[in-house]
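The sequence and coordinates are shown below.

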Amino acid sequence: MQVDFSKAEGVEFFNNLEKHFKDKDVSMLINNVEFGDYGSFLDMKLKDARDMFVVNCVPVTLLTRKVVPYMLERKKKSAIINMSSQLSEVVLPNRALYCATKRYIDYLSRSLSEELGDGYRELGVGIGYWVLGLGC
Ligand SMILES: NC(=O)c1ccc[n+]([C@@H]2O[C@H](COP(=O)([O-])OP(=O)(O)OC[C@H]3O[C@@H](n4cnc5c(N)ncnc54)[C@H](OP(=O)(O)O)[C@@H]3O)[C@@H](O)[C@H]2O)c1
């Protein structure tokens with residue numbers, strides 16, 4: 001299945017997606033998508049700024065929200081890998097939105113590790129990525 005996430009910021013796409021996996025044994029979700037642009041914040045077109053925010057933050061949030069309940073029911077090891085970036089740890093000119101959206105992914109991942117408890121815990125942190133584990 002292919003989708004342009006810049007056009008799927010609403011919940012409809014994600015709700016409809018559920019029918020494709022609810023009968024499957026989903027053991028892994030990799031949130032890899034990125035809109036990575038470089039340049040002055042003030043020179044960015046509004047559409048590009050909006051698309052970067054939507055593409056980098058909405059799919060990781062809504063796909064994780066939809067998939068976690070199925071993973072917790074599996075009673076087997078599962079994993080969600082949210083691709084972040086070393087740039088989430090720094091502040092850089094000309095990469096403001098990218099750094100900010102990657103920071104969002106870091107804090108979403110870390111906060112969910114705390115909120116969801118033993119069944120959902122952070123396994124490790126590497127340069128450029130976060131790895132989360134379910135039931136491990
Ligand atoms: N490369 C690095 O040095 C580096 C460093 C740190 C972190 N990361 C992170 O690692 C991940 C992968 O990086 P990468 O360099 O492999 O990135 P990439 O080559 O640019 O791949 C990004 C993926 O996102 C997809 N994508 C972009 N816009 C989309 C949209 N509107 N709708 C749906 N899919 C869309 C692309 O699909 P198409 O192929 O169809 O365009 C592609 O599969 C990213 O999250 C990135 O932030 C990368």
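Asp 48 sits in helix H2. The model is a predicted one.

**Asp 48**
- Asp 48 has 15 C-beta neighbours inside 10 Å, so Asp 48 counts as partly exposed.
- Ser 6 is 42 residues from Asp 48 in sequence, yet the two C-alpha atoms are 9.6 Å apart in space.

**Asp 23**
- The loop between helix H1 (11-21) and strand E1 (28-31) contains Asp 23.
- Asp 23 counts as exposed because it has 8 C-beta neighbours inside 10 Å, and the cut-off for exposed is 12 or fewer.
- Asp 23 and Tyr 70 are 47 residues apart along the chain, with 9.4 Å between their C-alpha atoms.

**Helix H3**
- H3 spans residues 96-116, which is 21 residues.
- From first C-alpha to last, H3 reaches 30 Å, close to the 30 Å expected at 1.5 Å a residue.
- Leu 97, Tyr 98, Thr 101, Lys 102, Ile 105, Ser 109 and Leu 112 are the buried residues of H3.

**Packing of H2 against H3**
- A pair of packed helices is described by the angle between the axes and the distance between them.
- For H2 (residues 46-74) and H3, the angle is about 15° and the axes are 10 Å apart.
- H2 and H3 are therefore roughly parallel to each other, as angles under 35 degrees count as such.
- The crossing in which H2 passes H3 is right-handed.
- On the H2 side, the residues that meet H3 are Ala 49, Met 52, Phe 53, Asn 56, Cys 57, Val 60 and Thr 61.
- Their partners in H3 are Leu 97, Tyr 98, Thr 101, Tyr 104, Ile 105 and Leu 108.
- Among these partners, Leu 97, Tyr 98, Thr 101 and Ile 105 are also listed as buried residues of H3.

**The chain overall**
- The chain contains three helices and four strands, in the order α-β-α-β-α-β-β along the sequence.
- Of the 136 residues in the chain, 18% are buried.
- Contacts between residues at least 6 apart in sequence join residues at least 24 apart in 65% of cases.

How values were computed
Residues numbered from 1 in each chain as written. Predicted model: local features only at pLDDT ≥ 70, side-chain atom pairs only at ≥ 80, totals over all residues. Helix = DSSP H or I, 4+ residues; strand = E, 2+ residues; numbered from the N terminus. Expected span 1.5 Å × (residues − 1). Buried ≥ 20, exposed ≤ 12 C-beta atoms within 10 Å, placed from the backbone. Axes fitted to C-alpha atoms, helices over the stretch in contact; angles between N-to-C directions. Parallel < 35°, antiparallel > 145°, perpendicular 65-115°, else oblique. Left-handed = near helix turned anticlockwise from the far one by under 90°. Contact = placed C-beta atoms within 7 Å.
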